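Subject: Structure for you to look at

Hello,

Here is the structure I promised to pass on. Please open it first, then read my notes below with the model on your screen.

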Amino acid sequence: MPVLSKSLPVVRTSILAAAILLALGAGVPAAQARNDVSGALLPRSSSGVVTSPPPARNAPSGALLPRTAVPASAPADIAPTPAPAPAPVPVAAAPVPAPMPAPAPAPVRRIAAAPPAPVRATPSASPPAPAPASQGRCNDEETLPALRSSAKDTALLVVSDGDPRYQLQTLVNQALQRSRTVGVARFLTQAAEADLAESKAQRMPTVTVNGTAGHIGSIISGVDEARGLQGSMTVSVSAPIYDFGRIAKLTEWRSNLADAAKFNQDGAEEQLALQTVSLALDRSRYILQAQVFRQYVRKMACLVDALEIITKADRGRSSELTQAQKSLQQADLSLEQTMSSLRQTEVRLRRYAGDDLPPSASLSSVLAQLPDVNELQADLVQGADVAQATAQAKAQRSYAESVRAGQKPSVGLLVNASKAVGASSSVSWLGGVTVNIPLMTPGADDTVRAANRRYQAADLQRDDTIEAKRYRLLDVYEQTNSALDRARRIVDILRNSDRVRAATLQQWQELGRRSLFDVMAAESDYYSMRISHVNALFDSEQLIALMWSMGRGVMVPLR
């Protein structure tokens with residue numbers, strides 16, 4: 001009886017350990033996962049396979065020896081616990097019957113035999129089947145239980161196998177065709193081109209025809225000279241000959257304004273392309289995040305299911321079940337927030353590219369190559385905003401020169417012919433040149449000064465735009481380097497984090513050597529690092545797209 005009382009805690013602990021492995025889906029039948037007497041768990045090999053060595057126990061009592069304390073090759077006469085030799089007990093002193101010889105030399109027994117315990121199980125006649133190599137359905141991502149989700153959410157997570165560059169080009173082209181902002185910029189460009197054509201036409205001759213008809217009367221010194229109906233027609237032809245470059249500078253001013261309008265349209269198209277590419281990358285980002293969170297939810301759900309089975313066997317572990325349920329709720333909340341962000345991103349993308357959006361392609365590496373910073377700095381002057389600022393500065397300079405030329409004399413050609421019929425008939429004509437010499441124009445100097453100041457302001461604005469973009473480019477380049485370096489470092493961290501979480505889960509499954517809180521912390525750290533890796537990849541891609549848009553355009557690397 002003292003031996004049996006000492007073995008009862010071992011039996012209860014072994015039964016609980018068997019319940020843990022059974023709840024986690026180790027796939028080992030109850031008859032194979034326990035020893036033939038006490039039900040203690042079979043040890044696992046390094047590969048996860050459950051081995052079945054012969055149970056190490058003392059003679060007839062059936063009390064198991066600790067696996068870690070007594071190796072398989074230890075002598076059989078070693079007692080499991082140090083204890084003095086028991087006093088003679090009547091039931092324990094019964095001699096072993098002589099007609100039952102042992103097939104092998106009997107080991108030396110220091111504890112007397114006891115009657116067979118009622119918990120002793122009859123060994124199976126057939127050898128146990130080999131255990132599966134997997135340590136549990138919660139250890140392998142592929143064996144986790146399926147996650148229930150709506151068909152709409154499942155459709156959002158579909159990833160096509162098409163060319164990602166071609167898909168981005170298609171989305172950008174659709175956005176350019178649908179954008180009203182680009183349409184406004186296009187109309188303004190056409191208006192500026194019409195102004196340029198009007199300025200060029202000022203060099204052409206101007207022809208005007210004037211006609212009058214009415215009743216006339218004329219009395220000179222009391223004498224009625226003429227009275228009656230009268231009609232006249234006048235034809236005038238004028239053309240500029242020389243104006244000190246005023247018309248040429250006005251034409252140049254209009255031309256620069258037309259260029260500025262064209263660059264403004266290019267800038268609007270570039271901003272739209274960058275916004276479309278950025279939204280497409282965000283869409284792919286949230287799809288990958290949702291896939292990671294779905295795996296996290298499935299893992300937590302598996303642990304909750306296992307703990308529900310364990311709690312039925314040990315009510316004292318209900319707090320662990322509550323902790324697992326809390327972690328499952330947190331993971332499910334993160335998944336729902338990610339799906340909401342994905343739906344919002346698709347709404348914004350449909351505003352640009354239309355309602356008929358194709359499934360997202362895999363965009364995690366479409367812009368993964370970091371361009372050379374010197375090449376990017378040389379391309380800054382090719383940016384639409386810099387070109388627009390340059391054209392506006394040139395336009396202000398041309399306008400100032402045209403105002404200055406307008407204060408000087410001008411020479412023109414004039415041809416005029418008129419004819420009158422009716423009460424009196426007359427014919428007259430005039431042909432020659434006209435000279436216009438401004439002698440005094442109040443405020444003319446102020447007009448010239450104002451035009452010069454506008455030119456200087458536009459020129460400084462252009463220089464400030466280039467300098468701001470140069471430092472902005474260096475800042476974004478450093479951010480991109482940091483994001484790429486962070487992505488590389490996280491890959492190494494993920495390898496170690498995966499090992500830590502696998503080892504922690506295994507140690508928790510085997511005799512409770514780690515707590516559930518350790519398991520939850522390891523899982524949370526692993527999936528958080530996976531989310532950080534996804535963010536680092538897409539942050540770097542969006543920054544690379546931004547750097548290209550500062551120069552020749554984001555469509556250059558996509559082609």
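Four strands make an open sheet in the order E2-E3-E5-E6, and the pairing is antiparallel. Strand E2 (206-220) and strand E6 (426-436) are the edge strands, each pairing on one side only. From one strand to the next, the twist averages 20 degrees. Axes here are lines fitted to C-alpha atoms (for helices, over the stretch in contact), with angles from 0 to 180 degrees between N-to-C directions. Two strands pair if DSSP finds at least two bridges between them. Strands (E, at least two residues) and helices (H or I, at least four) are DSSP runs, numbered from the N terminus. In general, strands of a sheet pair through backbone hydrogen bonds.

Strand E3 (residues 223-242) and strand E5 (residues 410-422) run antiparallel and are joined by 12 bridges. Serine 232 has alanine 420 in E5 as its bridge partner.

A word on the source. This is a predicted model, where local features need pLDDT of at least 70 and side-chain atom pairs count only at pLDDT 80 or more, while totals for chains, interfaces and linings use all residues. Residues are numbered from 1 along each chain as its sequence is written, and side-chain values use heavy atoms, with hydrogens and water left out.

Next, helix H5 (residues 180-200). H5 has 21 residues and reaches 31 Å from its first C-alpha to its last. That is close to the expected 30 Å, which is 1.5 Å times one less than the number of residues. At the start of H5, a side-chain oxygen of serine 179 comes to within 3.3 Å of the backbone nitrogen of threonine 181.

Which residues of H5 are buried? They are Val182, Gly183, Ala185, Thr189, Ala192, Leu196 and Ser199. Buried means under 20% relative accessible area, exposed means over 50%, and partly exposed lies in between (1.4 Å probe, protein chains only). The buried residues of H5 pack against helix H4 (164-178) and helix H6 (246-313).

Now the salt bridges. A salt bridge is a side-chain nitrogen of Lys or Arg within 4 Å of a carboxyl oxygen of Asp or Glu. By this rule the count is 22.

Take aspartate 282 and arginine 285. Their side chains meet in a salt bridge at 3.3 Å, N to O. Both residues lie in helix H6, three residues apart, about one turn of the helix.

Why does aspartate 498 count as partly exposed? Because its relative accessibility is 32%. Arginine 501 is at 7%, so it counts as buried. In general, an α-helix has 3.6 residues a turn, so residues three or four places apart point the same way.

Aspartate 518 and arginine 514 meet in a salt bridge too, at 3.3 Å, N to O. Aspartate 518 is partly exposed at 29%. Arginine 514 is partly exposed at 31%. Salt bridges that share partners join Asp282, Arg285, Arg486 and Asp539 into one network.

Last, serine 327. This serine is in helix H7 (residues 318-353). Is serine 327 buried or exposed? Serine 327 is buried, with a relative accessible area of 6%. Leaving aside neighbours within four places in sequence, serine 327 is in contact (heavy atoms within 4.5 Å) with Met300 and Met520.

Best wishes

Methods:
A polar contact is a pair of N or O atoms within 3.5 Å; within protein, one must be able to donate a hydrogen and the other to accept it, and residues adjacent in sequence count only if both atoms are side-chain atoms.
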